Amino acid sequence: MAKDIEAAPEGGEFSAKDYSDPPPAPIVDFEELTKWSLYRAVIAEFVATLLFLYITVATVIGYKHQSDPTVNTTDAACSGVGILGIAWAFGGMIFVLVYCTAGVSGGHINPAVTFGLFLARKVSLIRALLYIIAQCLGAICGVGLVKGFQSSYYVRYGGGANELSAGYSKGTGLAAEIIGTFVLVYTVFSATDPKRNARDSHIPVLAPLPIGFAVFMVHLATIPITGTGINPARSLGAAVIYNTDKAWDDQVCIHITNMCHLSLGKIHVNC
């Protein structure tokens, strides 16, 4: 086990701190299936992803309706929350939901994060699979609620689905998703590093805050390109409910990027 030696004040003694990571999670742990804590965590991931998709997609639909020149004939371009407001909705909801669920499930709310934590041996395969299923189902239900409550606007304004914007190539969309996913996963692993509390004990870190800000900043950069698909559950839920050919075609670029390049963020943090 590695030790970092701290410099002692003049005339004082040197002290050593032990930095230890928690033991790696077993790849397959069938005993975990007998514990209520697992199912409580899965329920938390389902509810959190449902709320995340409901609030964020409703914000997207509401903005597109408010800025529609056929509806608002006076000043449509300046109406609604704008891209800044949409980015705040995504980042703010991640901050709130990670804060609320961190003590129950770890506050993943994103299959890409769950998969990255599985690669890092932070969660078992069983827990990772159940989390991802719960997240995807929660996302579908959350977008379904938006469609149910805003049925007259949902299809008209694109259903909040991630699609490559006109004028951008798939290569550009791929690059945007690579960078965005790396920023998110890098932030998640950095903010939840068990060594940070000991190494930087003088700097209090509220993990949901930097994670939420990372989501906010990535959305500002990539909403004009892909609508920001750094969360596969978010992209899948909107595609399932909206269900158009373009929405499904663009999922290939978004999902493969998310699930592959999150491992790059994990490796970079661990190194």
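Modeller: Buried means under 20% relative accessible area, exposed over 50%, and partly exposed in between (1.4 Å probe, protein chains only). The largest such core here has 42 residues, and Phe52 and Leu184 touch the most other members. Its largest share, 7 residues, comes from α1. Helices are DSSP runs of H or I, at least four residues, numbered from the N terminus.

This is a predicted model, with pLDDT of at least 70 needed for local features and 80 or more for side-chain atom pairs, while totals for chains, interfaces and linings use all residues. Residues count from 1 along each chain as its sequence is written, and side-chain values use heavy atoms, leaving out hydrogens and water.

Biologist: What does phenylalanine 52 touch, not counting residues up to four places away in sequence?

Modeller: Phe90, Met93, Ile94, Leu97, Ile109, Asn231 and Arg234. Touching, or contact, means heavy atoms within 4.5 Å.

Biologist: Why are α2 and α8 called roughly antiparallel?

Modeller: Axes are lines fitted to C-alpha atoms, for helices over the stretch in contact, and angles run from 0 to 180 degrees between N-to-C directions. Over 145 degrees counts as roughly antiparallel. The axes of α2 (residues 82-101) and α8 (residues 208-226) cross at roughly 155 degrees and come within 8 Å, so the pair is roughly antiparallel.

The contact includes Trp88 and Phe95 of α2 and Phe213 and His219 of α8. By class there are 19 nonpolar, 3 polar and no charged residues. For that tally, Ala, Val, Leu, Ile, Met, Phe, Trp, Tyr, Cys and Pro are nonpolar, Asp, Glu, Lys and Arg are charged, and the others, Gly among them, are polar.

Biologist: How do you know whether glycine 107 is buried or exposed?

Modeller: Its relative accessible area is 8%, and the buried cut-off is under 20%, so glycine 107 is buried. Glycine 107 lies in the loop between α2 and α3.

Methods:
Helices (H or I, at least four residues) and strands (E, at least two) are DSSP runs, numbered from the N terminus. Angles under 35 degrees count as roughly parallel, over 145 as roughly antiparallel, 65 to 115 as roughly perpendicular and the rest as oblique. A nonpolar core is a set of buried Ala, Val, Leu, Ile, Met, Phe, Trp, Tyr and Cys residues joined through side-chain atoms within 4.5 Å.
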